[in-house]
Amino acid sequence: MSAEAEPLSGPVPPRQSQKEATRQRVVASAHELFDTHGFQGTTIREIARHAGVSVGSVFTTFASKGEILSEVMLSRLEPLYAELDRVMPHLRGCTADRLRTMFAVHFEFEARHVRLFMSHIAAAYDWTLPQAARPYGRTPRLQEIIRETLEKGQADGEVRRDIDLQEVIDLVMSAYAWTYRLVITREADAKALIGVMDRQIGLIADGFAPK
Amino acid sequence: MKHISPNQVAVDTPTRAPTRRALAKQQTRLKVLAAARRLFSEQGYEGATIRDIAAAAGMSTGAVFANFTDKSDLFREIMHDDMEALTAAMRDAAARGRNVEDALLKIFMAGYTFYKTRLQLARAGFSVSWDKDGGPTLRGMSSSAAFQDLFTEQLTAAVDRGELSQESEAKLRSQMLFDTYLSNFPQAIFEGWSLDALQARARDQIRILLAGARRG
């Protein structure tokens with residue numbers, strides 16, 4: 001085993017901890033600014049100023065603004081996934097209801113930061129983003145939770161066995177994402193979004209139910 | 001309705017050849033639109049500036065502003081033109097559908113085929129449509145509404161033909177079909193999916209979304 005692969009022991013070298021501190025401050029400050037001014041409306045310079053670090057040190061930590069957004073989205077999802085991991089095993093009811101609960105948790109969580117979430121979707125099409133950093137759509141944990149729910153549904157005879165689960169997952173994910181357009185067109189709140197999503201899941205469930 | 005003969009029209013409103021000035025103005029507009037279309041496709045909505053667009057069209061920024069109020073006006077006009085052309089193509093395609101599922105699939109495919117050569121422009125469109133400021137204007141356009149209506153019309157016609165049952169969720173179902181049509185664009189834009197791959201996926205999606213409205 002090489003020395004580099006050894007787990008770090010003892011105090012973290014100061015340079016390393018300083019870099020991590022900068023990283024956390026940049027992410028926290030970007031989170032706040034994206035949420036208030038949107039992704040396009042926020043510059044790296046403002047993020048740096050708000051975080052109290054130099055523009056140069058932002059760029060030694062992140063390759064682009066898109067990468068910062070990816071990091072913001074990931075870091076803020078941790079508590080959401082922790083909550084889902086806690087709740088999902090105890091859910092009762094049919095497959096559709098379990099999916100409904102899961103997305104209700106999502107909307108409750110996101111409603112506090114709708115602007116940020118929409119930045120997230122808009123930025124998926126941003127030109128300055130390297131493909132690897134495309135933020136929206138790379139949510140493997142969420143897809144995994146939907147898959148587990150559908151597989152349980154198959155075991156319980158509620159979901160057809162001859163259906164392509166990935167296609168159902170994609171349909172549910174797109175229904176979830178596009179429901180946010182109601183925030184733009186109708187200024188919908190979390191309750192309204194949950195209501196629409198419940199019905200959409202019902203329609204999709206008609207499609208995956210055994211005949 | 002009162003019948004008007006061509007002759008009568010000619011008498012009432014003498015057809016006047018457009019003035020040279022009007023023709024020049026029209027040409028300027030077209031030149032600006034072509035340049036803008038190219039730059040939006042190359043640099044995205046945010047990346048393309050009026051200054052660059054003017055330079056690419058070989059004119060001053062003043063000349064651009066004489067024809068369009070701002071960049072969003074320019075972008076809206078391009079999207080509007082495309083959506084009108086696309087809606088017409090989709091309508092033709094749907095008319096050739098053998099049943100509701102086939103008609104919907106043909107609508108999806110007319111869209112993916114249309115945008116196959118302008119994926120980057122579609123990408124710019126999505127970026128603007130999810131923007132808090134750009135979104136409402138783009139989504140509120142009449143051509144955008146006409147586009148959505150196409151899906152509703154297909155479902156209504158299918159109910160009339162007895163292919164689908166009368167239901168309360170028709171509006172939501174057509175909205176979901178429309179969203180699903182849009183949601184496949186990232187695969188086309190970023191992952192280079194072929195039209196065949198998109199068609200196979202779209203067919204399955206349409207089946208799932210129609211299942212609840214099937215008769216029997």
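Start with chain A of this predicted model and colour it by domain: the assignment gives domain 1 as 13-62 and domain 2 as 73-208. The centres of these two domains of chain A, taken over C-alpha atoms, are 28 Å apart. Next, select the contact between them, where 6 residues of domain 1 of chain A meet 8 residues of domain 2 of chain A. On the domain 1 side, that selection holds 3 nonpolar, 2 polar and 1 charged residues.

Chain A has 211 residues, and 37% of them are buried. Of the contacts in chain A between residues at least 6 apart in sequence, 67% link residues at least 24 apart.

Chain B has 12 helices and 0 strands, and its elements read α-α-α-α-α-α-α-α-α-α-α-α from the N terminus. Along the principal axes, the C-alpha atoms of chain B fill a box of roughly 65 × 55 × 30 Å. Buried residues account for 32% of the 216 residues in chain B. Among contacts in chain B with a separation of 6 or more, 65% are between residues 24 or more positions apart.

Colour chain B by domain as well: domain 1 covers 1-68 and domain 2 covers 70-210. Their centres, over C-alpha atoms, are separated by 27 Å. The contact between these domains of chain B takes 9 residues from domain 1 and 13 residues from domain 2. Select helix 2 of chain B here, since this helix gives the most to the domain 1 side of the contact, with 7 residues. By class, that side of domain 1 of chain B has 6 nonpolar, 2 polar and 1 charged residues.

Stay in chain B and select helix 5, residues 71-95. With 25 residues at 1.5 Å a residue, helix 5 of chain B should span 36 Å, and its end C-alpha atoms are 36 Å apart, in agreement. Show side chains for the buried residues of this helix: L74(B), F75(B), M79(B), M83(B), T87(B), M90(B), A93(B) and A94(B). A point to keep in view while looking along a helix: an α-helix has 3.6 residues a turn, so residues three or four places apart point the same way. Which helices do the buried residues of helix 5 of chain B pack against? They pack against helix 2 (20-47), helix 6 (100-116), helix 7 (119-129), helix 8 (134-139) and helix 9 (142-161) of chain B.

Bring chain A back and select the contact between the chains: 30 residues of chain B are in contact with 28 residues of chain A. On the chain B side, helix 2, helix 7, helix 8, helix 10, helix 11 (185-190) and helix 12 (195-210) each supply at least two residues. The class count for that side of chain B is 10 nonpolar, 9 polar and 11 charged residues.

Zoom to L171(A), S174(A), A175(A) and W178(A) in helix 8 of chain A, which meet M176(B), D179(B), T180(B) and S183(B) in helix 10 of chain B. By class, this contact has 4 nonpolar, 3 polar and 1 charged residues.

Terms used:
Residues numbered from 1 in each chain as written. Chains lettered and ligands numbered in written order. Predicted model: local features only at pLDDT ≥ 70, side-chain atom pairs only at ≥ 80, totals over all residues. Domains from an automatic or database assignment. Contact = placed C-beta atoms within 7 Å. Nonpolar A, V, L, I, M, F, W, Y, C, P; charged D, E, K, R; others polar. Buried ≥ 20, exposed ≤ 12 C-beta atoms within 10 Å, placed from the backbone. Helix = DSSP H or I, 4+ residues; strand = E, 2+ residues; numbered from the N terminus. Expected span 1.5 Å × (residues − 1).
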